Structure formats: structure tokens, C-alpha cells
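Please look over the chain shown below, and then follow the questions and answers on how its features come by their labels.

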Amino acid sequence: MRHDRNLCLLTLLAMLAFPGASNASLPASMQRAKLARVKDVATVEGVRDNQLVGYGIVVGLRGTGDSQQTIFPMQTLVSTLQRMGVNLQQSPQLSTMRTQNMAAVFISATLPAFARPGNKLDITASSAGDARSLEGGLLLLTPLYGPDGQIYAEAQGPLVLGGYAVASNGNLKQYNHPTTARVPNGAMVERSVPLDLSKMHILSLLLNDADFHTAELMAGAINKDMGRPMAHAVDSRRITLEVQPADDIPALLAQVESVEVETYPRAKVVVNERTGTVVIGGDVRLQPVSILHGGLSVNVVTEYQVSQPNPLGQGTTQVVPQTTVQAQEQPVNRIELKQGATVDTLVENLQQIGATARDIISILQAMKEAGALEAELEVL
């Protein structure tokens, strides 16, 4: 007990001496907590969505569909017409048919938990061939399959695009991705996934972000709100709920999901090297560090010159490349972060030296290796 009081006293003195110092190294009970509902930070085990996929054809395009080099759209069209009583298997013109107003597509959808037959789903259609655009297309009736090979929904409807593509005389203008479209409420559920809550005697909550402290706090908050010890933290992600025979499980889960619990989110920095995007959380803190950053640019320029022989010579005309290498090294820029420096301080200093997004990514990675960045660094 005495040791704990001394530790708390030293921690408070450190916070008074450095008001902006990091709280990532403080005990969990002294960090800034954030209140969140259980339903926002955890899910019920077994209550989940399911992915559906299907293959179909889109018709009604304005000459922007699949070309003759794509074989499977034609095979799909022949099979579809055959089911409707039109037989083209023996047609001599089958190999010369042009169906540029049609495109083969893959359909994806998400079947939510407790979906019943007759419910509507949003679907996404993506071109599977070399179609230029799906604008103005109509998706024909397409079955959607689950991982077990069973049909769970049927999709059909007009496509809605978020872009366009216009081509004329070899010129092309394109906006966004015209080969992917959506159909709001374009699928109807035909089969439900069985899930009977009344037969579940032990329920489990799964945290979105694994954390032992949050799991213990959640179990304690649920027990306090329910008035009995029914929740138990199994590990850093799973909390079990003991159900009594007289409990109404939907009402029980509704009350549990509304319980507010203190959470301590991890300090995190997310960078995307492909797009140069850097997202830094507000809880990220920095240790004292000096950063030296410079750059070396090398340009290789090649010019081609034509060398011709004399008028009476027997030589031939040759194209001779002339290569020039230029190297320029930029002066080193220095950034010094003192005790209590925040992310805003780092960003301001990086902007002053003209650092690009990719420079910032490299600097953050080097700071993480040096132990000066108190956060989890995730590279996408």
C-alpha cells in the first residue's frame, strides 16, 4: 500500500512538472478513459453477417459491354436463352454474333444476421470481362450463393453508377470506376441462416480490439448493471455471460449492449504508403528526440541525336544517345522535440521544413524504431 502511494505521488509530480507529457506509460487507472456502449466496442459471438456471391449478366448497355474476345458472356447468354426456349447451339451465326450491349458481372452481397425470406439487400456488381462501362445496364435474375453452395438470395434490378466513361474517335474520358455499380435493395432473401438464441445457455461478447483491462472493466460494468455476477472475462477479447433459464435472451442482450464501459483506446498511427496518407491519433505522445532529415535526388537525362555521314562517305545514319547524370543533395534539416512534445508540434515542424507525406512516413517509422513514438504504427 505504501509503495502504491509513493508511485502515485511520483506520477503526479511528473505530470505537474511536464503538463504535456505522455500518459501512455501511466497506470491504466490514471489514463484518460472514454465511455462507450458495449454494442460499440464488442459483438455477440455467433451473431454475424454472411457473405454471398453470384455470377450473372447485365444487359441494356450502349455498346460498352464485353467484346467478342471474352467468351464466357456469350456462353452465359446462350444458356440463359436456352432456359427460355431459344436454342442457339446449332446456329451457324453463333461465332459471329456481336453482343456489345451485354457484360458478364460478379455480384457480391452481405446477408445480415436474423435476415428472413423477403428482406431486401443491397448488392454490388463488378465487371468480369473487358466491358468499358456498366452505365444504363439492367442486371438479370441472378442467384446468390453462400460458402456452403446453397442459394440464399436472388438479385435483379437497374444499376446505379458513381462514374462514367465516354469514348469517341479514340478519345476517352473516364470518371471514377464505371465498371462497378450498386443496386439498392436489389436482392431478396430466399433462405435464412438458422440461429436460435433460446438454445444458447452461455453467451459470449467479443471485443473489437483485444485488451485485458477493457475486458475486466466490461465484465465488472455488466455485473454491476445486471445486479448479479453473470459476466466473466475469459481472455483479452472474450467475455462470457451466464444465462439463467428464466432469462429473456433478446431483452438480456439489449440491456447488456446498452451498458456503458470505460475504455482506454491504444495510441495508434496509420500510414498508407501507396497513397501517402498519414493518420495520427490524438492520444499519440512523443519522447524527446532529434531528427535530421535530408534528401538526395539523382536525375538521368538521355537525349538522342542523329549522326549523319559525309555527303561522299560510305557510312550510314545512326542514332546516338547522349546521357547526362545530375545529382543534387539537399541540406540536412533538423527537428528537435523536447519533453512533452505533442503530435501538433511534430506536424508543425515537418511542415516548416517542407516534408512530403512520404518523408513523414519514413520519419515516423524511424522514430518508432528509436523508441520516440509511443504508439502502435500500422502500415497499410
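T214 lies in helix α4, where helices (H or I, at least four residues) and strands (E, at least two) are DSSP runs, numbered from the N terminus. This is a predicted model, in which local features need pLDDT of at least 70, side-chain atom pairs count only at pLDDT 80 or more, and totals for chains, interfaces and linings use all residues. Residues are numbered from 1 along each chain as its sequence is written, and side-chain values use heavy atoms, with hydrogens and water left out.

Q: Why is T214 called buried?
A: Buried means under 20% relative accessible area, exposed over 50%, and partly exposed in between (1.4 Å probe, protein chains only); T214 has a relative accessible area of 6%, so T214 is buried.

Q: Which residues is T214 in contact with, leaving aside its neighbours within four places in sequence?
A: Contact means heavy atoms within 4.5 Å, and with those neighbours left aside T214 is in contact with L207, T263 and Y264.

Q: What makes M102 count as buried?
A: M102, which is found in strand β4 (residues 102-111), has 4% relative accessibility and therefore counts as buried. Leaving aside neighbours within four places in sequence, the residues in contact with M102 include I57, V58, L61 and M74. M102 and M74 are 28 residues apart in sequence and 9.0 Å apart in space, C-alpha to C-alpha.

Q: Why is α4 called oblique to α5?
A: The axes of helix α4 (residues 212-226) and helix α5 (residues 249-257) come within 10 Å and cross at roughly 120°. Axes are lines fitted to C-alpha atoms, for helices over the stretch in contact, and angles run from 0 to 180 degrees between N-to-C directions. Angles under 35 degrees count as roughly parallel, over 145 as roughly antiparallel, 65 to 115 as roughly perpendicular and the rest as oblique, so α4 is oblique to α5. The contact is made by I222, D225 and M226 of α4 together with L252, Q255 and V256 of α5.

Q: How do you know that the buried residues of α6 are on the same side?
A: In helix α6 (residues 343-352) the buried residues are V343, L346 and L350. They cover an arc of only 60° around the axis, taken from the directions from the helix axis to the C-beta atoms, so they are on the same side of α6. On the other side of α6, D344, Q351 and Q352 are exposed.
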